[in-house]
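Please read the following briefing alongside the sequence and the coordinates.

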Amino acid sequence: MSENALIIKWKNFIQTDASSGIILVLASLFALVLANSPFSPAYNSFLEFPVSIVLGSFEISKPLVLWINDGLMAIFFFVVGLEIKRELLYGQLASKEQVILPFLAAAAGIIFPALIYVALNYQDAIAMNGWAIPSATDIAFALGLFIIFGKYLPPSLKIFLLSVAIIDDIGAVIIIALFYSSDLAPNSLLIASVGLLALLLFNRLELSNKTPFILVSIIVWAAVLKSGVHATLAGFAVALFIPIAKDKSESMSYQIEHSLHPWIAFFVLPVFAFSNAGVELIGTSVSQLFTPVSMGIIGGLFIGKQLGIFAACYAAIKLKLCTLPKDATWSQLYGVCLLCGVGFTMSLFIGSLAFEEQGLAYQTQVKVGVLVGSIMSGVLGALLIKRSSNKLKIAGDKNEN
């Protein structure tokens, strides 16, 4: 195969919605292999490599894994904020009719998994810190599976899945702000607030140059990092102050989102997955892996997500608050509900916050729970939507003949 043909195939691959999910899987598998190979010490040393930035009396010093979790993931949440803002103003969440079903579904998809986790861990005060871990949905993985296996399903189901994931992300931001921020530093919060006011002023002045927005955003991120509020929230907050317009050619928000999206899909999330998915299984017993924490996460993702989302949809539709996604059936909707149990990167991220001070034992339990729960949800969901998709394909072929 010629070099040009390979380049064309690569470009076609990265332009598909499923490609980012595939790369996430590969990054995760690579981490698992390294963590359980003779290269495990090198893998751990890489993650713990100290990185410092010093500017006069200002200093940020963290191991590389925390730069990834606090820095790169702030960029991810920045893009999430831009997407949410666009959808709320001009997109799928702009009208009451469009938002009722995914809102109720997302709310139930947060509450039910949390209840299952709490039911298995309420007697352990430390373990209770992880109640929000199974409440998250990984939009890249879930959407990737839908694209791969649900090719012939109605487009309305894809819109429903995206909407649920977007509202789920809003819930994750609120949970992180309320439950995973501590020891607040007033001076740093004041600096961050002044920075956000400056961004608001830039917005009101209709500045078209991105440089002032970028410089002030970095200051806001650094201030939030030092404030005790998790640094990823800075990315989300900054996004709300980026100028947006309905015309994409005139929207700074859309231009930035469009330029950053490939970096998020093919660098930020894979690097995060590689840094957080490595579970050392060698020498670990089954009883050490499947603890109340890991079982709570598995139960929350695999049972709580599908049960909560589908029950909320069923009740809302039967009460005539909304209707089924256009041209979709109940079984197809159920398959999408299963895909929402793929928590992966978002669940791993919340897990890293929940047990940040508790060490390797809890982090291992989190990783096992997230990986197993996400795989079970993804496999069963993929099988169900593939079956439904194949039936539609066969019916379509018969109609053509």
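**Briefing on the predicted model**

S45 has a relative accessible area of 47% and is therefore partly exposed, where buried means under 20% relative accessible area, exposed means over 50%, and partly exposed lies in between, with a 1.4 Å probe and protein chains only. This is a predicted model, in which local features need pLDDT of at least 70 and side-chain atom pairs count only at pLDDT 80 or more, while totals for chains, interfaces and linings use all residues. Residues are numbered from 1 along each chain as its sequence is written, and side-chain values use heavy atoms, with hydrogens and water left out.

**Confidence**

- The protein has an average pLDDT of 84, and 92% of its residues score at least 70; pLDDT is the predictor's confidence in each residue, on a scale from 0 to 100.
- Confidence is lowest in helix α1 (residues 3-14), with a mean of 47, and highest in α13, with 95; helices here are DSSP runs (H or I, at least four residues), as strands are (E, at least two), numbered from the N terminus.
- Over residues 6-10 pLDDT stays under 50, and for this stretch the model has two contacts beyond four places in sequence, a contact being heavy atoms within 4.5 Å.

**Helix pair α6 and α7**

- Helix α6 (residues 139-149) packs with helix α7 (residues 155-179) at an angle of about 170 degrees, and their axes are 10 Å apart; the axes are lines fitted to C-alpha atoms, for helices over the stretch in contact, and angles run from 0 to 180 degrees between N-to-C directions.
- The two helices, α6 and α7, are therefore roughly antiparallel to each other, given that angles over 145 degrees count as roughly antiparallel, under 35 as roughly parallel, 65 to 115 as roughly perpendicular and the rest as oblique.
- On the α6 side the contact is made by I139, A142, L143, F146 and I147, and on the α7 side by L157, K158, L161, L162 and A165.
- By class, this contact of α6 with α7 has nine nonpolar residues, no polar ones and one charged residue; Ala, Val, Leu, Ile, Met, Phe, Trp, Tyr, Cys and Pro count as nonpolar, Asp, Glu, Lys and Arg as charged, and the others, Gly among them, as polar.

**Nonpolar core**

- The largest nonpolar core has 110 residues, of which F76, F160 and W221 touch the most other members; such a core is a set of buried Ala, Val, Leu, Ile, Met, Phe, Trp, Tyr and Cys residues joined through side-chain atoms within 4.5 Å.
- Helix α4 (residues 64-90) gives the most to this core, contributing 14 residues.
- Residues up to four places away in sequence aside, W221 touches I60, W67, D70, G71, A74, A231 and A234.

- A316 lies in helix α13 (residues 292-318) and, at 1% relative accessibility, counts as buried.
- Not counting residues up to four places away in sequence, A316 touches L101, L104, L321 and C322, whereas its C-alpha atom is separated by 52 Å from that of P41, 275 residues apart along the chain.
- K320, in the loop between α13 and α14, is not a glycine and yet has a positive phi of about 65 degrees; at 72% relative accessibility K320 counts as exposed.
- D327 is found in the loop between α13 and α14, has a positive phi of about 65 degrees although it is not a glycine, and counts as exposed at 64% relative accessibility.
- Q332, in helix α14 (residues 330-339), counts as buried at 4% relative accessibility, and beyond four places in sequence Q332 touches L153, P154, L157, D327, I385, S388 and L392.

**Further residues and distances**

- S45 is found in helix α3 (residues 40-47), and its C-alpha atom is separated by 9.5 Å from that of L64, 19 residues apart along the chain.
- V118, in helix α5 (residues 96-121), counts as partly exposed at 26% relative accessibility, and, leaving aside neighbours within four places in sequence, V118 is in contact with M128 and W131.
- V118 and N129 are eleven residues apart in sequence and, C-alpha to C-alpha, 9.6 Å apart in space.
- V368 has its place in helix α16 (residues 360-400) and is buried, with a relative accessible area of 5%; apart from neighbours within four places in sequence, V368 is in contact with V279, L289, F290 and S294.
- The C-alpha atoms of V368 and V118 are separated by 18 Å, the two residues being 250 residues apart along the chain.
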